[in-house]
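Please look over the structure before reading on.

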There are 2 protein chains.
Amino acid sequence: MTRDALIESLKPLLDAGKLLTDADSLDTYGKDWTKHFAPAPLAIAFPKSTEQVQAIVRWANEHKVALVPSGGRTGLSAAAVAANGEVVVAFDYMNKVLEFNEFDRTVVCQPGVITKQLQTFAEEHGLYYPVDFASSGSSQIGGNIGTNAGGIKVIRYGMTRNWVAGMKVVTGKGDLLELNKDLIKNATGYDLRQLFIGAEGTLGFVVEATMRLERQPKNLTAMVLGTPDFDSIMPVLHAFQNKLDLTAFEFFSDKALAKIMARGDVPPAFETDCPFYALLEFEASTEEVANEALATFEHCVEQGWVLDGVMSQSEQQLQNLWKLREYISETISHWTPYKNDISVTVGKVPAFLKDIDDIVAANYPDFEVVWFGHIGDGNLHLNILKPENLTKDEFFAKCATVNKWVFETVQKYNGSISAEHGVGMTKRDYLGYSRSEAEIGYMKAVKAVFDPNGIMNPGKIFAE
Amino acid sequence: MTRDALIESLKPLLDAGKLLTDADSLDTYGKDWTKHFAPAPLAIAFPKSTEQVQAIVRWANEHKVALVPSGGRTGLSAAAVAANGEVVVAFDYMNKVLEFNEFDRTVVCQPGVITKQLQTFAEEHGLYYPVDFASSGSSQIGGNIGTNAGGIKVIRYGMTRNWVAGMKVVTGKGDLLELNKDLIKNATGYDLRQLFIGAEGTLGFVVEATMRLERQPKNLTAMVLGTPDFDSIMPVLHAFQNKLDLTAFEFFSDKALAKIMARGDVPPAFETDCPFYALLEFEASTEEVANEALATFEHCVEQGWVLDGVMSQSEQQLQNLWKLREYISETISHWTPYKNDISVTVGKVPAFLKDIDDIVAANYPDFEVVWFGHIGDGNLHLNILKPENLTKDEFFAKCATVNKWVFETVQKYNGSISAEHGVGMTKRDYLGYSRSEAEIGYMKAVKAVFDPNGIMNPGKIFAE
């Protein structure tokens, strides 16, 4: 079938005007936040119902055309890139909150509901949707589920996986499955819901998701603590975790802080210079909790683990302390950083971090390494800034070597080459550093069960 | 191959004396707590290492002999019953805690570690393993994972699933897989760990599991509240959930309470007779929290949702209040109850419960129905007591009809025919009431990926 004939045969399955093939649309909807792959989709389809999604999938099976799901396109692994004549299925018009269940604290969402929209809906009902990250203003629930999105509150609330009570999916064969029926307890065989979470659209499309909500946090309070070395951060985490229910435990290095201070628009936490900083957050729901936090802080100072620190006394101060951490990514983007999102178990973080530092310092002494991340869950964001004397191409060529060292070190420490950004196309060739050959074999066989013709987001997670 | 030759060929794969074929062992290890199926295994194998488990699985594939996993054998769905010449693989000698990771709060366990053993280990390290249920003194971690065990603290801590950081499994093909590597964040494709949780040993055997621990709860405090009708329990749950982090929210009927009171060894909660009772628990970590609970109680009384109530003031009182709920199952066992473990979403509980009550009352007016369960998570234990004038056989014949009504009502309310006890053999013929034909088809195909020869616990979850 010709390209034009394919498009003509797809058109009647959608509402009028909901299949786009103009150059702008192909370019916009054919990519995510990654820039390595040139978008080249066949067309962009905007279904408005589950039935239309099923019709598209059946059509794709019939014509052996690949489909790529598209949500907020804020992904960082090229999982939502259509570079090979695929039809992009964009969920922009399936964006409604369908139902709220007060006693269950659940919200039935279409996949195109934006994260922020769900957070606001929760607030309006006196509740809280706790999965939060930088792109919450444009990322969609369907994409959050596809990547099992994490973010800054994982230590307390877990990943997106924890908040999916149930969902409806259309498999690669076009079947509509209702998974788990929003139940808390349901011991009736394999929990297929879990397979679709984090599957990056390679098994099927989420067409409806029931998300759980939580009570709102009370009087969130942050502390920023300076430590004499990285190793001290671990006993600090340990001491606070034994006393408080932490909602976050982040860290950043002096180099990261220096970049933030140079902006001039964020007040410093305190005067003392320290090589590393921890930012922790908790609910100071009563004065006793706040006192417990202060006592733990003093204990950490006495032990020599903490050199200086500050605790927020107002909402404004809380926000200012968070800026020290949250502005890092945007601020260092000026230096065209090589970025990697990796994880190890929490106890292994200090040795792992030192190994990477040593390797980079020994081989590229002129590279500036900026560390930050979610230390409470073992998720580190490694950033290496481009030295001014190197061109972008020279720098990225050297980073390819760094990549290999990083992944070898991840493997040595039994960690993950992608903590929360997914595999997509950017990391698929490195998957073997984190998953065994046997495991990858089983994953491919599982994919074949749900998508025997290989039409669902092919080339993502593993090469075709 | 003859039966004897099979046994002789299996023997060298195990330590000396670790393959039993005597009648007592076959009877003991061939069944769980269900009594419907006569045990008839070929032999009982006690592996002492992962390598031995792999060897057994390879042997089973070669000789097409089915394997049945055996843990504490406290299951209630006949998932661990060997009634057809299978080899039982019992994990009694793989029962060690291998490793404790302080900063990660994780414990690496062999599958035969007993739940209570893990709870005690946690306590000795100042921590807490929160999955708890009646059989914790004999159930094993491997079995807990196989059934995704729940229990009385699910409303706060979730099911066993939430506490499995990672595990090693031997698949039905004999491959050893290390799933998730104990990471909190790991976005590298399908989370196969989740498939094995709740799979009832039909995909493979767990040979090692890393379990997460939590901080210990502080000053656990219980309230028992009497309500004028079942419907009032829902706004009570809602009111308390908005104010407190509940660790449990259970309920029982006046008929259940009457049986407990008749024992004579449990003090009454209060004098007022009520048709239904809620038992809730929370951490009274500070006086403010306890005051909040009392204020919420008063609010519920003012609204007419609660007729009377009591709050524990000591550890002893806490335990006595819990006896009102925890002794029910054992106490009513005297009446040979028909039992069913079912769930619906929380908001649907009142209408669902009324439907079942009406059906039973209309058809069997002489049947006494005793309700109790975990209302906070929608999990109801329906118990119908045998009238004295019926023989056991007559009673169970009538219960077969009740079964059909119950499952039809579960289906009408989009609930689960097995909330936390699993499917095994006792519910496999009813699976279609909770999972669609398409879903069951995918489940069977997934099983074929991990167990192509169908040797892993065949006949459980679905018929062969």
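## The interface

Chain B and chain A bury about 6,700 Å² between them, and 56% of that area is on carbon and sulfur atoms. Buried area is the accessible area (1.4 Å probe) that two parts lose on being put together, summed over both. Lys185(B), Tyr190(B) and Tyr442(B) supply 16% of the area that chain B buries against chain A, more than any other three residues. In this predicted model, local features need pLDDT of at least 70 and side-chain atom pairs count only at pLDDT 80 or more, while totals for chains, interfaces and linings use all residues. Side-chain values use heavy atoms, without hydrogens and water; residues are numbered from 1 along each chain as its sequence is written, chains are lettered from A and ligands numbered from 1 in the order in which they are written.

Contact (heavy atoms within 4.5 Å) links 81 residues of chain B with 81 residues of chain A.

## Polar links across the interface

Between chain B and chain A, 47 residue pairs are in polar contact, both residues at pLDDT 80 or more. A polar contact is a pair of N or O atoms within 3.5 Å; within protein, one must be able to donate a hydrogen and the other to accept it, and residues adjacent in sequence count only if both atoms are side-chain atoms. Five elements of chain B each supply at least two residues of the side that touches chain A: β9 (176-179), α7 (192-196), α8 (233-243), α10 (287-302) and α15 (437-450). Helices (H or I, at least four residues) and strands (E, at least two) are DSSP runs, numbered from the N terminus. α15(B) gives the most, with nine residues. That side of chain B divides into 31 nonpolar, 27 polar and 23 charged residues. Here Ala, Val, Leu, Ile, Met, Phe, Trp, Tyr, Cys and Pro count as nonpolar, Asp, Glu, Lys and Arg as charged, and the others, Gly among them, as polar.

## Salt bridges

Eight salt bridges run between chain B and chain A. The term means a side-chain nitrogen of Lys or Arg within 4 Å of a carboxyl oxygen of Asp or Glu. One of them joins Asp377(B) to Lys185(A), at 3.4 Å from N to O.

Over all chains, the whole structure holds 46 salt bridges. Among them, Glu283(A) pairs with Arg156(A), with the closest N and O atoms 2.9 Å apart. Glu283(A) is in strand β14 (residues 276-283) of chain A and Arg156(A) in helix α6 (residues 154-157) of chain A, so the pair ties together parts 127 residues apart in sequence.

## The four-stranded sheet

In chain B, four strands form an open sheet with mixed pairing, in the order β1-β2-β4-β3. Strands pair if DSSP finds at least two bridges between them. β1 (19-20) and β3 (67-70) of chain B are at the edges with a single partner strand each, so one side of each has no neighbour in the sheet. Helix α3 (residues 50-63) of chain B packs on this sheet and touches β2, β3 and β4 of chain B; its direction makes about 155 degrees with that of β3(B). Axes are lines fitted to C-alpha atoms, for helices over the stretch in contact, and angles run from 0 to 180 degrees between N-to-C directions.

## The seven-stranded sheet

Seven strands of chain B form an open antiparallel sheet, ordered β15-β12-β14-β13-β17-β18-β16. Neighbouring strands of this sheet are turned by 15 degrees against each other on average, direction ignored. β16(B) pairs with strand β18 (residues 379-385) of chain B over six bridges. Lys339(B) stands opposite Asn383(B) in β18(B).

Two helices lie across strands of chain B. Helix α14 (residues 392-412) of chain B lies across β16 and β18, at about 10 degrees to β16(B).
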